[in-house]
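Colleague: I have the file open and want to go through it with you. Can you start with how you check a helix, then take my questions as they come?
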Amino acid sequence: MAKTYGIEVDCANCANKMEQAAKATAGVADCNVNFMALKMNVVFEEGVDELEVMKEVRSNCRKVEDDCEVYI
Amino acid sequence: MNKKQKKVLIRIIISAVLMILAAILSAVVKNMSWYEMQAVPWDEVISLTLYLISYIVIGYDILKKAFKGIIRGQVMDENFLMAVATVGAMALSEYREGVAVMLFYQIGELFQSYAVGKSRRNIAALMDIRPDSANLVTEEDGRETISRVSPDEVAIGSIITVMPGEKIPLDGIIVRGDSSVDTSALTGESVPRSVHPDDEVISGCINLSGALYIRTTKAFGESTVSKILELVENASSRKSRSENFISKFARYYTPAVCILALAIAIIPPVINLIAGREAGFLTFIYRALTFLVISCPCALVISIPLGFFAGIGGASRAGVLVKGSNYIEALSKVDTVIFDKTGTLTKGVFEVVSIHKDRIDDAGLLEYAAHAEDMSTHPISRSIVAAYGKEIDRSRISDVNETAGRGVSAVVSAKKVLVGNEKLMNDHGISVTECHDAGTIVHIAVDGEYAGHIHISDVIKDNSKEAVSSLHNIGIKKIVMLTGDAEEVAQQVASSLSIKEFHAHLLPQDKVGRVEDILKDRPENRLVAFVGDGINDAPVLTRADVGIAMGALGSDAAIEAADVVLMDDDPMGIVRAIKIGRKCMRIVYENIYFAIGIKILCLVLSAFGLANMWLAIFADVGVMVLAVLNAIRTLKTN
């Protein structure tokens with residue numbers, strides 16, 4: 001199950017950092033952040049609560065880049 | 001400019017003014033007559049205060065981010081680099097340099113965010129094909145009411161009306177009205193297409209002249225415009241090798257330069273001490289700081305994805321949808337192009353190309369054939385009726401008999417007419433005149449006597465020949481044509497297009513086999529593109545390195561299977577696609593080599609003390625601005 005979310009971030013490197021942070025989140029099988037389109041594509045693991053996982057993803061992203069936003 | 005950018009701009013201006021003020025005031029104070037008499041060096045006090053204020057105005061957010069990063073253990077990023085370099089410069093009493101580094105860094109960041117935002121908007125404007133509403137026509141008691149609804153709410157089979165100047169919101173068939181439509185947003189084709197009742201129209205086109213009534217054939221989610229937007233929006237999530245290289249590079253690069261900078265600051269002075277010379281700590285710390293400023297990886301990290309993004313955007317404006325930057329890269333490496341024949345190089349519709357009469361004149365022959373074939377739905381029959389072009393007088397026709405695989409017999413104007421292949425003629429004991437043209441031959445006999453034949457063939461597209469020769473010109477080594485048609489037909493098409501290699505009599509699964517054979521033979525690092533019209537081609541499109549579907553609007557399977565979708569069915573689009581891919585990759589590589597090259601050069605210079613802070617600022621911000629400007633060039637595709 002994959003979903004795409006809108007994001008807000010300032011620089012390309014920060015987007016890379018967000019991608020790493022999201023990938024490391026439990027429940028996320030894979031993640032791809034597209035800085036140019038300001039989109040985050042998340043592949044979830046089977047049977048996880050997407051909303052909960054995304055909240056976790058957002059807080060992990062904030063840890064590496066505090067003025068970023070993930071629109072869930 | 002958005003709010004955030006404006007704020008940064010104001011900070012830049014304030015900080016720059018303060019910096020200039022500091023320089024002027026300290027010079028003025030120094031030249032004052034009372035200067036020598038003071039115990040305190042006022043010029044330094046004034047300039048230090050102003051520089052410090054200026055530094056805090058411009059750099060507080062960077063310092064904050066760097067500080068937070070250190071607390072979280074995430075030290076190695078550009079905020080950290082900039083913070084260490086500028087704080088270090090201040091500590092060495094190089095106030096002007098310290099402020100300047102921060103100032104120019106912010107100018108660079110502002111420029112970058114402005115450029116990225118601008119190309120985002122550019123591409124959004126190119127792709128501004130999403131319709132906002134549909135005018136739904138409902139009929140009640142013979143009275144027509146038109147209501148404005150969201151395109152999502154329109155069911156398949158509803159009637160909608162589109163006024164001149166409006167976008168066609170959903171795919172459908174025209175029931176009433178004539179007009180011309182502008183398809184340029186979808187296909188890049190600038191000449192408007194004229195449309196009439198029973199014509200199919202696709203969503204995203206703009207209705208130009210007259211009101212149209214359209215019966216919708218697809219729901220909004222399935223319509224062309226939604227498919228295209230979905231494709232473009234998801235395009236850059238498939239990253240190319242160069243992009244992945246850059247993000248990996250950045251991950252190892254920053255820690256590496258930090259360690260190097262540390263080494264420059266520590267090792268030479270220690271060696272000096274051991275050798276009994278003066279240590280020169282300050283000199284080497286200054287060099288290390290310069291080194292840090294140069295090393296900022298921004299130019300690479302931003303310009304490579306920006307180049308691909310703009311490339312994909314520019315390509316979609318030219319009617320070439322590329323599904324990811326990996327396919328931009330793949331397109332640039334194509335040296336073999338395999339064409340499917342029918343629908344790609346040829347129009348895929350049969351047309352009467354010549355009439356060879358035997359006993360009656362051409363017009364008469366065609367008239368008999370068209371009347372006899374009128375009831376048949378076979379594509380060949382339809383092409384004969386189309387070539388006749390006049391009204392068919394049904395009262396003249398009787399006793400129509402169609403035999404599958406043979407042809408038709410009918411009585412037309414009291415004459416017994418046979419229209420069909422050689423077998424049909426043989427069945428009736430009629431001898432035929434052989435025809436030397438490749439294609440389908442339809443023989444005609446009237447009242448038991450041979451009357452002549454009509455030569456029908458699939459017609460080569462106007463641009464096919466030009467496309468093949470342009471492909472050769474741009475350095476494509478091998479062009480192959482595959483077809484399910486007979487050998488002679490294939491031979492004729494291939495030779496008129498000067499294609500040397502072709503394979504005929506192929507079933508769809510055979511095509512996959514042929515493509516696999518070609519894939520095996522390709523040289524290292526060279527790729528094979530397959531071009532098809534998307535009908536029955538899906539397996540081959542997936543198998544080839546680059547699957548190009550042509551004129552595939554409306555064919556979901558093809559859009560799904562292909563890597564590159566040409567929105568119109570002009571074979572010149574392939575040439576365009578390959579050129580765009582090459583241009584984009586050329587610019588991306590220019591940026592990689594240019595940015596890394598300048599950085600390494602300046603790093604070496606600074607390690608040996610040949611570069612000062614000002615050169616470092618150029619190597620950081622200047623290189624980034626140039627690389628971004630270069631990357632934006634990919635947006636222009638012609």
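Modeller: The expected span of a helix is 1.5 Å times one less than its number of residues. One caveat before using that rule: this is a predicted model.

Colleague: Fine. What span should the 12 residues of helix 12 of chain B have, and how far apart are its end C-alpha atoms?

Modeller: Helix 12 of chain B covers residues 362–373, and at 1.5 Å a residue it should span 16 Å. Its end C-alpha atoms are 16 Å apart, so the two values agree.

Colleague: How many residues of that helix 12 of chain B are buried?

Modeller: 9 of the 12, so helix 12 of chain B is largely enclosed by the rest of the structure. Among the buried ones are Leu365(B), Leu366(B), Tyr368(B) and Ala369(B). Glu367(B), His371(B) and Glu373(B) are also on the buried list.

Colleague: Switching to strands. In what order do the 3 strands of the open sheet in chain B come?

Modeller: The order is 6-5-8, with antiparallel pairing. Strand 6 and strand 8 of chain B are the edge strands, each pairing on one side only.

Colleague: How many bridges join strand 5 of chain B to strand 6? And how many join strand 5 of chain B to strand 8?

Modeller: Strand 5 and strand 6 (residues 193–195) of chain B are joined by 3 bridges. Between strand 5 and strand 8 (residues 206–207) of chain B there are 2.

Colleague: Which residues stand opposite which?

Modeller: On the strand 6 side, Ser179(B) has Val195(B) as its bridge partner, and Ser180(B) stands opposite Ser194(B). Towards strand 8 of chain B, Val181(B) is opposite Asn207(B).

Colleague: Which side chains of strand 5 of chain B point to the buried face?

Modeller: Those of Ser179(B) and Val181(B).

Colleague: Now the packing. How many residues are in the largest nonpolar core, and which have the most contacts inside it?

Modeller: That core has 171 residues, and Ile548(B) and Val564(B) have the most contacts inside it. Its largest share, 14 residues, comes from helix 20 (residues 572–607) of chain B. Domain 1 and domain 2 of chain B each give this core at least three residues.

Colleague: What does Ile548(B) touch?

Modeller: Leaving out residues up to four places away in sequence, the contacts of Ile548(B) include Phe530(B), Val531(B), Val564(B), Leu566(B) and Ile574(B). There is also a second, separate core of 26 residues, which includes Phe350(B), Val352(B), Leu418(B) and Val419(B).

Colleague: You mentioned domains. Where are the bounds of each domain in chain B?

Modeller: Domain 1 is 3–126, domain 2 is 134–166 + 171–217, and domain 3 is 348–459. The C-alpha centres of domain 1 and domain 3 of chain B lie 86 Å apart.

Colleague: I also flagged Ile294(B). Is that residue buried or exposed?

Modeller: Ile294(B) has 30 other C-beta atoms within 10 Å. The cut-off for buried is 20 or more, so Ile294(B) counts as buried. Ile294(B) lies in helix 8 (residues 281–295) of chain B.

Colleague: How far apart are Ile294(B) and Cys602(B), in sequence and in space?

Modeller: They are 308 residues apart in sequence and 6.9 Å apart in space, C-alpha to C-alpha. Ile294(B) touches Cys602(B), and its other contacts include Lys599(B), Leu603(B), Ala616(B) and Asp620(B).

Colleague: On to backbone angles. Which residues should I look at?

Modeller: Ser93(B) has a phi near 65°, positive although the residue is not glycine. Ser93(B) sits in the loop between helix 3 (78–91) and helix 4 (95–126) of chain B, and is exposed, with 12 other C-beta atoms within 10 Å. His505(B) has a positive phi too, near 60°. The loop holding His505(B) runs between strand 19 (501–503) and helix 17 (508–521) of chain B, and His505(B) is exposed with 11 other C-beta atoms within 10 Å.

Colleague: Last topic, the interface. How many residues of chain A are in contact with chain B?

Modeller: 13 residues of chain A, in contact with 17 residues of chain B. Helix 1 of chain A gives the largest share of the chain A side, 3 residues. That side divides into 5 nonpolar, 5 polar and 3 charged residues.

How values were computed. Residues are numbered from 1 along each chain as its sequence is written. Chains are lettered from A and ligands numbered from 1 in the order in which they are written. This is a predicted model: local features need pLDDT of at least 70, side-chain atom pairs count only at pLDDT 80 or more; totals for chains, interfaces and linings use all residues. Two residues are in contact if their C-beta atoms, placed from the backbone, lie within 7 Å. Helices (H or I, at least four residues) and strands (E, at least two) are DSSP runs, numbered from the N terminus. Ala, Val, Leu, Ile, Met, Phe, Trp, Tyr, Cys and Pro count as nonpolar, Asp, Glu, Lys and Arg as charged, and the others, Gly among them, as polar. Two strands pair if DSSP finds at least two bridges between them. A nonpolar core is a set of buried Ala, Val, Leu, Ile, Met, Phe, Trp, Tyr and Cys residues joined through C-beta atoms within 7 Å. Domain bounds come from an automatic or database domain assignment.
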